[in-house]
Amino acid sequence: MINVFTIAIILMLGVKFFADFVAEMINLAALNREVPNEFRDVFDGKEYQKSQEYTVATTKLRLVEATISFAALLIFWFAGGFNWLDSYVRELNFIPVFTGLLYIGILWAATFLFSLPFRAYGTFAIEERFGLNRTSLKTFAADLAKNFLLSVLIGGVVLGAVLWFFEFGGSYAWFGAWVVTSIIMIFLLFIAPRFLMPIFYKFTPLENGELKIAIYALADKLKFPLSGIFVIDGSRRSAKSNAFFAGFGKHKRIALFDTLIAGQTIPELVAVLAHEIGHYKKKHSLLGLVEQIARFGLMFWFFSLIAGNQEFFAAFRMEQISVYAGLVLFLISYGLVEEVLSVIGNVISRHHEREADRYAVDATKRPQDLIDGLKKLAKNNLSNLEPHPFYAFLNYSHPPLSERFRKIREYAGKKFS
């Protein structure tokens, strides 16, 4: 049945798909054959061409996956797939929450399997071709299995709670689901560094030496208490580099990928870590958590408005109304709203990145170390150095590097002149 909801949802999905597609194509068209002047001290012509080719390859994979996924959704939708699956799980005569878990679990598992060829191609074809992949087939399979099991266990608990509230919670069900989801989210942030991430990576305390002394000196100077500095065996999976802070209060720890340590000087590493400390000192992590919680609340509230609407279910060819199917169909329909919220979130995130850059400059008094460290990260990760502004606006949580460097130099010039 085609009704006003059908037309509206298809239009929203189409706008989202078209905007993403156009942004990707514009970004490809904006690729520059010449190494930007800012990066000539790090990239030679061959290395820069490699980063451009990597951008092309990963973009094409995203476009193919997005197009096939969009087509598959429409085919499943108009072939009555959502209703057929609903009829099947109802015949098993479970209680509503278990029926919902099975319904959503089957759709999630199908989506997981659908994306698997694209993930495998990205890892073993594209990443391999550009010298980034170090993941063995055994590790790849093990990571998939661990991700699957954790998603089932954690996702099952969260989803079960949400379904229960919307099934039995009455007019304030959305609020109960929001509170429980928020509590679980905060709990996971506390336990992830110590109990979840070590399932995938090996955390080894940083050996005594100049780097450890420099990091503790920085942390002491900035009054940033640490419970430990750890090295992650990132090189077992990828040649890419990263670093992050985890934990709260007195239990904060620094995690450095071994690839990052191998590719950076100590002053560059200290500058990059000063930037990360800046996020903590400016309360960006807390603000990000508040933003995520607020977005969940908005989503649950919107769902509560549509959960029992017969016309909404009819748009997806559903014969019966249910909380679990409604949640799935709502999340599909909510994509454009989530895209807009993500763009707003990226604008805020880019502002936070500039603040953290300024904090690092103040902390180290060595702006060039931060710039050099970020350049090497870009080289190591084959980053697109000059994305199209429209693409960056939609997708980038960090400002493009050329803009960051300009802002860093402008701030340092005013601060230290």
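Author: What follows is a run of questions about labels, each answered from a value and its cut-off.

Author: This is a predicted model, where local features need pLDDT of at least 70 and side-chain atom pairs count only at pLDDT 80 or more, while totals for chains, interfaces and linings use all residues. Residues are numbered from 1 along each chain as its sequence is written, and side-chain values use heavy atoms, with hydrogens and water left out.

Reader: How do you know what pLDDT the chain averages, and which elements score lowest and highest?

Author: pLDDT is the predictor's confidence in each residue, from 0 to 100. The chain averages 93, and 98% of the residues score at least 70.

Reader: What makes the span of helix α1 agree with its number of residues?

Author: The expected span is 1.5 Å times one less than the number of residues. Helix α1 (residues 4-29) has 26 residues and should therefore span 38 Å; its end C-alpha atoms are 37 Å apart, which agrees. Helix α2 (45-78) has 34 residues and reaches 50 Å from its first C-alpha to its last, close to the expected 50 Å.

Reader: Which residue caps the N-terminal end of α1?

Author: That's asparagine 3, with a side-chain oxygen 2.9 Å from the backbone nitrogen of phenylalanine 5. At the start of α2, a side-chain oxygen of aspartate 44 comes to within 3.1 Å of the backbone nitrogen of lysine 46.

Reader: Why is lysine 16 called partly exposed?

Author: Buried means under 20% relative accessible area, exposed over 50%, and partly exposed in between (1.4 Å probe, protein chains only). Lysine 16 has 27% relative accessibility, so partly exposed is the word. Aspartate 20, at 23%, counts as partly exposed too.

Reader: What makes lysine 16 and aspartate 20 a salt bridge?

Author: The term asks for a side-chain nitrogen of Lys or Arg within 4 Å of a carboxyl oxygen of Asp or Glu. Here the N to O distance is 3.4 Å, and the pair qualifies. Both residues lie in helix α1, four residues apart, about one turn of the helix. In general, an α-helix has 3.6 residues a turn, so residues three or four places apart point the same way.

Reader: How many salt bridges are there in the whole structure, and which one links lysine 375?

Author: The search finds 19. Lysine 375 pairs with aspartate 41, the closest N and O atoms being 3.2 Å apart. That pair links distant parts of the chain: lysine 375 is in helix α14 and aspartate 41 in the loop between α1 and α2, 334 residues apart. Lysine 375 is buried because its relative accessible area is 3%, whereas aspartate 41 counts as exposed at 53%.

Reader: Why is aspartate 233 called buried?

Author: Its relative accessibility is 16%, so aspartate 233 counts as buried. Aspartate 233 lies in the loop between β2 and β3. Its side chain makes a polar contact with the side chain of arginine 236 at 3.1 Å. A polar contact is a pair of N or O atoms within 3.5 Å; within protein, one must be able to donate a hydrogen and the other to accept it, and residues adjacent in sequence count only if both atoms are side-chain atoms.

Reader: What makes a set of residues a nonpolar core, and which have the most contacts inside the largest?

Author: A nonpolar core is a set of buried Ala, Val, Leu, Ile, Met, Phe, Trp, Tyr and Cys residues joined through side-chain atoms within 4.5 Å. The largest has 46 residues, and Ile215 and Leu256 have the most contacts inside it. Helix α9 gives the most to this core, with six residues.

Note on methods
Helix = DSSP H or I, 4+ residues; strand = E, 2+ residues; numbered from the N terminus. Contact = heavy atoms within 4.5 Å.
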